[in-house]
Amino acid sequence: MKLILALTALAVAAGCVGLSADIPHLQNVEGVAQLVVDGRPMLLRAGELDNSSGEPEVMAKSWKDFAEMNLNAVVTPVYWEVIEPSEGAFDWSSVDGVIDAAREYNMRVVFLWFGSWKNSMSCYAPGWVKADTKRFPRAMVPGPRPIEMLSAFSGECLKADETAFTALMRHIKEYDADKSTVVMVQVENEVGMVETERDRSPEADAAFAGPVPQALIDSLKARRDSLAPKLRARWLENGEKTSGTWEEVFGKGSATEEIFMAWYFALYAGKVAAAGKAEYALPMYTNAALIRPGAEPGQYPSAGPLPHLYDVWRAAAPALDFLSPDIYFTNFTDWADAYRIPGNAHFIPETLRSPVASVNALYAFGQCGSMGFSPYGINFISGQARELLGQSYDLVRQLEPLILSRTPKGDVAACVPLGPEQRAPRRIDLGGIRMLVTFQTVIPPSLADGVVVSGEARNAGATIPAGCIVIRLSDEEILVGGMGVTVLFSAPGGRAPAVGLKSVEEGRFDGAGNWIHHAFLNGDQTNQGRQVMLPAGRFSLQKVSLYRY
Ligand code: DGJ
């Protein structure tokens with residue numbers, strides 16, 4: 001039996017999802033933001049290069065691995081110090097080399113602009129910027145003491161960054177616009193103030209004593225009922241003022257200092273983005289270092305593009321199309337969900353390259369409507385993490401047309417355990433079908449010979465990832481892909497009639513969307529017709545036909 005996965009015509013909703021309206025590469029389909037390349041929506045099965053592997057010669061040894069793992073995109077830095085070694089003299093060989101190689105391997109590129117800030121610091125600023133502290137002042141911490149972070153309050157720093165980024169976008173346009181190898185650009189990297197909530201330089205102090213900019217006030221008023229809860233509470237509790245200093249409008253305290261700093265970081269990054277977009281309007285975003293439990297602003301990079309500061313960033317930086325999380329914590333779903341904000345396109349530029357990344361990718365694409373997913377340090381991934389990511393990306397590649405066409409209709413969902421210690425079953429309702437998903441995270445006897453987990457790891461009590469994506473084709477037919485889960489079907493609300501398995505078939509989609517049969521599953525493999533079971537330790541795709549009795 002064949003199932004053709006023709007991409008149904010996508011009804012593009014009017015307006016935008018809070019994305020800049022003039023960006024031709026992002027579309028909003030029923031509230032789901034999609035990346036459009038060469039006129040078609042696509043999902044980025046990506047990986048991010050480690051910080052010092054973004055030059056063509058270093059990357060050369062990794063492209064084959066990327067292809068083997070079924071990546072279709074790399075996320076990789078462009079270093080300011082490399083492209084502009086002396087002021088105004090640009091060297092594009094590193095950029096062109098990456099683009100050329102990506103084309104050879106039929107991959108897309110997301111460039112990371114390591115400009116003024118990379119993980120708060122300014123280590124990628126060229127030497128001529130670093131050394132001229134008079135022209136390019138630094139942020140300060142209490143003391144006062146300068147740190148190696150360019151000041152967000154310096155017009156000269158901004159101008160130098162804008163100039164370089166503008167040149168970069170102009171060059172990418174000239175070199176690549178006809179081929180669209182480069183599909184998005186990240187502006188700066190994990191911006192945030194360290195050691196303290198906000199810059200303590202005299203310029204920053206003066207701005208802090210000044211009025212809250214009207215543009216922020218206007219935005220607070222316009223978004224009053226949908227503001228991030230903490231921001232809304234601070235504003236309302238302090239009298240919902242429409243003018244005044246930062247402390248008058250938001251009250252005293254470190255939360256206010258963080259809001260203030262977020263505005264000025266975002267203003268700067270947004271101006272850099274706008275300058276680049278004026279040359280070449282690719283989708284642009286910035287990424288956040290997240291908050292360690294219990295950490296205060298300054299202990300974590302304060303004032304970055306975090307969920308509680310979402311409205312501040314969007315108001316100050318309209319040229320940034322969306323904000324993204326770098327998820328290194330084990331409560332992946334909490335952070336992925338925190339960026340499912342109406343109007344924010346979902347993309348995970350960085351995450352841990354652990355075995356669990358393989359199922360987290362399903363959660364991102366299937367549950368969060370992500371445009372892309374990208375484990376960090378992809379050039380160093382190995383062992384089980386590499387094997388499983390490759391299998392997961394193979395599955396996503398097969399399902400891509402269905403994910404893209406059916407997510408906006410509400411026919412796609414995914415689930416993974418909520419954290420390493422949590423195995424509670426998850427419930428999914430799609431149309432007239434309810435699914436109860438349980439996870440098999442301990443190593444089953446069928447893997448006793450160490451198919452994916454060595455005997456040593458098993459004895460040490462190692463667990464394996466579990467999770468699935470489900471796609472409803474109709475109330476009679478559903479696709480379940482992933483591994484290590486058992487799915488029990490019923491009608492929503494447990495109503496009669498009961499839902500039975502008419503047939504369960506394992507297979508795969510070929511490149512043209514045809515279903516290739518592998519085996520009918522029954523007996524032990526469906527718990528005698530009672531459940532769909534995706535084996536632990538390897539990814540499987542099953543087409544399930546249902547009946548009622
Ligand atoms: C997050 C940063 O954005 C990356 O560039 C890298 O430094 C990773 N942390 C891990 O080291």
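The side chains of Glu68 and Arg386 form a salt bridge, with an N to O distance of 2.9 Å; a salt bridge is defined here as a side-chain nitrogen of Lys or Arg within 4 Å of a carboxyl oxygen of Asp or Glu. This pair connects distant parts of the chain, since Glu68 belongs to helix H2 (residues 63-68) and Arg386 to helix H15 (residues 383-406), 318 residues apart. Helices (H or I, at least four residues) and strands (E, at least two) are DSSP runs numbered from the N terminus. In total, the structure holds 34 salt bridges.

The model is predicted, so that local features require pLDDT of at least 70 and side-chain atom pairs count only at pLDDT 80 or more, whereas totals for chains, interfaces and linings use all residues. Residues are numbered from 1 along each chain as its sequence is written, and side-chain values use heavy atoms, with hydrogens and water left out.

The domain assignment, an automatic or database one, gives domain 1 (3-410) and domain 2 (414-548). The C-alpha centres of domain 1 and domain 2 are 34 Å apart. To their contact (heavy atoms within 4.5 Å), domain 1 contributes 27 residues and domain 2 contributes 33 residues. Between them, the two domains bury about 2400 Å², of which 69% lies on carbon and sulfur atoms; buried area is the accessible area (1.4 Å probe) lost by two parts on being put together, summed over both. One salt bridge is found across the interface of domain 1 and domain 2. Arg508 also pairs with Asp394 in a salt bridge, the closest N and O atoms being 3.0 Å apart.

Helix H4 (residues 93-104) packs against helix H6 (residues 155-176) at an angle of about 35°, the axes being 11 Å apart. Axes are lines fitted to C-alpha atoms, for helices over the stretch in contact, and angles run from 0 to 180 degrees between N-to-C directions. The crossing of H4 and H6 is right-handed, that is, the near helix is turned clockwise from the far one by less than a right angle. Val95, Asp96, Ile99, Asp100 and Arg103 of H4 meet Leu168, His171, Ile172, Tyr175 and Asp176 of H6.

Two backbone features occur in loops. The peptide bond from Gly143 to Pro144 is cis, with omega near -10°, and Pro144 is placed in the loop between strand S7 (138-141) and strand S8 (145-150). Asp38, although not a glycine, has a positive phi of about 50°.
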